[in-house]
Amino acid sequence: MQTPTLVDLGMRPFFQQQLTLEELEHCSLGRVIEHHKTEVVVLAGNDALRLSLNPNIDGICVGDWVVFNGDRLLRVLERQSLFQRKAVGSARARQFIAANIDTVFIVSSLNDDFSLNRIERYLALAKETNVEPVIVLTKADLCADADGHRQQVQSLDSLLSVYCVNALASDELDVLKSYCRRGRTVAFMGSSGVGKSTLVNGLLGSEQMDTGEIREQDSKGRHTTTYRAIKWLPEGGLLMDTPGMRELQLSDAKEGIKLTFADIESLASLCRFQDCQHQNEPGCAVLDALEKGEISARRLDNFHKLLREDAHNSATLAQKRAKDRAFSKMVNTVQEQARSGKKFK
């Protein structure tokens, strides 16, 4: 393709308005297309530059727009959208996943890995970030009732875009290409082994991502993607591939959960008590709908589960922020007293 412009990379007024006159005159602007442990790859025009991470810039990630001068990163522009999660394991920090995404393809395979609970989890994350979610059900050729599974997902939201595809059949991927036009950025989310890399290769039209065979004993694929990167699509858009997230945990995503479970939230407004927890309270419209079969026990259980998880993780992160503030305050006090010749008590 010709040398990509900033518009090709996804530049729009939201980002342009953040630049100062000095930055426009003396600095360069680019988009992070790869993120590694000690450096990022920034695309500016036709040049892909490797820039060392700046310790003064916190939480840079793929998809970010950055201002730089020579080989020095200066700052990250405010993001239009940001996917983030509680860090894997026991850490109490956030992990940034991807920034400035327009559409997220939530990928689930039509084998033993299929899970409405997991799809709802990703939907909550997408809706919290205000990014358009599209559900892609892969390995349709290996499923005897692909349309039945599609209808199950569609029942979560009548306005949700849901597609069943065989990622190895290029003609079946045409339905996804309308989301991949010039200046748009799409991302893939889903657990390891659901066929994201195969899907990426299909949209790219070439074998650029390694793929793994499915393990027969549990229908799971091998984890193959090891870094986050943006790649050009034939339609002119940018495609971001992310590693499988085996321990995705929600935090500060209460609004996203409510939007994902809008049917339950609508019923909750009819409950007798405003603080109804939909457990065993009298006059609970949600439990009444459950008894009538208007909502499923699985969906209500997952709603409660995701709210508990979000509340726990959000509280944990709030505690960390409070401890960090207290520690910084103590350090500043020690430094001030040292400068004034006083002993710290």
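By class, the residues lining the second largest pocket of this predicted model comprise 6 nonpolar, 6 polar and 5 charged members, where Ala, Val, Leu, Ile, Met, Phe, Trp, Tyr, Cys and Pro are counted as nonpolar, Asp, Glu, Lys and Arg as charged, and the others, Gly among them, as polar. The lining amounts to 17 residues, and those nearest the centre of the second largest pocket are Cys-276, Gln-277, His-278, Phe-303 and Leu-307. The elements contributing two or more residues to this lining are α6 (254-260), α7 (262-268) and α9, with the largest share, 4 residues, coming from α9. The space in the second largest pocket is about 380 Å³, a volume being the space filled by probe spheres set on grid points that are joined across faces, edges and corners. Pockets were defined on a 1 Å grid over the protein atoms alone, as open sets of points with protein on both sides within 12 Å along at least five of seven lines, whereas a cavity is a set of points where a 1.4 Å probe fits but cannot get out; lining residues have an atom within 4 Å of a point.

The model is a predicted one, in which local features need pLDDT of at least 70 and side-chain atom pairs count only at pLDDT 80 or more, while totals for chains, interfaces and linings use all residues. Residues are numbered from 1 along each chain as its sequence is written, and side-chain values use heavy atoms, with hydrogens and water left out.

The protein contains 9 helices and 13 strands, taken as DSSP runs numbered from the N terminus (helices: H or I, at least four residues; strands: E, at least two). Of the 345 residues in the protein, 47% are buried, where buried denotes under 20% relative accessible area, exposed over 50%, and partly exposed the range in between (1.4 Å probe, protein chains only). Among contacts between residues at least 6 apart in sequence, 64% join residues at least 24 apart, a contact being heavy atoms within 4.5 Å. Helix α5 (residues 196-204) is mostly covered, with 7 of its 9 residues buried, namely Lys-196, Ser-197, Leu-199, Val-200, Asn-201, Leu-203 and Leu-204. Just after α5, Gly-205 adopts a positive phi of about 80°.

Side chains of opposite charge can pair when their charged atoms come close. With a salt bridge defined as a side-chain nitrogen of Lys or Arg within 4 Å of a carboxyl oxygen of Asp or Glu, the count comes to 15 salt bridges. One of these joins Glu-120 to Arg-298, whose closest N and O atoms are 2.9 Å apart; Glu-120 belongs to helix α3 (residues 116-129) and Arg-298 to helix α9 (residues 297-339), so this pair ties together parts that are 178 residues apart in sequence. Glu-120 is buried at 0% relative accessibility, whereas Arg-298 is partly exposed at 27%. Beyond its neighbours within four places in sequence, Arg-298 is in contact with Leu-116, Asn-117, Glu-120 and Leu-156, and the C-alpha atoms of Arg-298 and Asn-117 lie 8.2 Å apart in space although the two residues are 181 apart in sequence.

A further salt bridge is formed by the side chains of Asp-174 and Lys-177, at 3.3 Å from N to O; here Asp-174 is partly exposed at 44% relative accessibility, and Lys-177 is partly exposed at 24%. Lys-292 and Asp-288 likewise meet in a salt bridge, at 3.2 Å from N to O, in which Lys-292 is exposed at 56% relative accessibility and Asp-288 is partly exposed at 36%. Salt bridges with shared partners also join Glu-120, Asp-263, Arg-298 and Arg-299 into one network.

A disulfide is a covalent bond between the sulfur atoms of two cysteines. A search of the whole structure, with a disulfide taken as a pair of cysteine sulfur atoms within 2.5 Å, returned 0 disulfides. For Cys-271, the closest cysteine sulfur is that of Cys-284 at 3.9 Å, which is too far for a bond; for Cys-276, the closest is again in Cys-284, at 3.7 Å, also too far for a bond. Cys-271 is buried, with a relative accessible area of 9%, and Cys-276 is buried at 9% relative accessibility.

His-304 is located in helix α9 and is buried at 12% relative accessibility. Residues up to four places away in sequence being left out, His-304 touches Gln-277, His-278 and Gln-279, of which Gln-277 and His-278 are among the residues nearest the centre of the second largest pocket.
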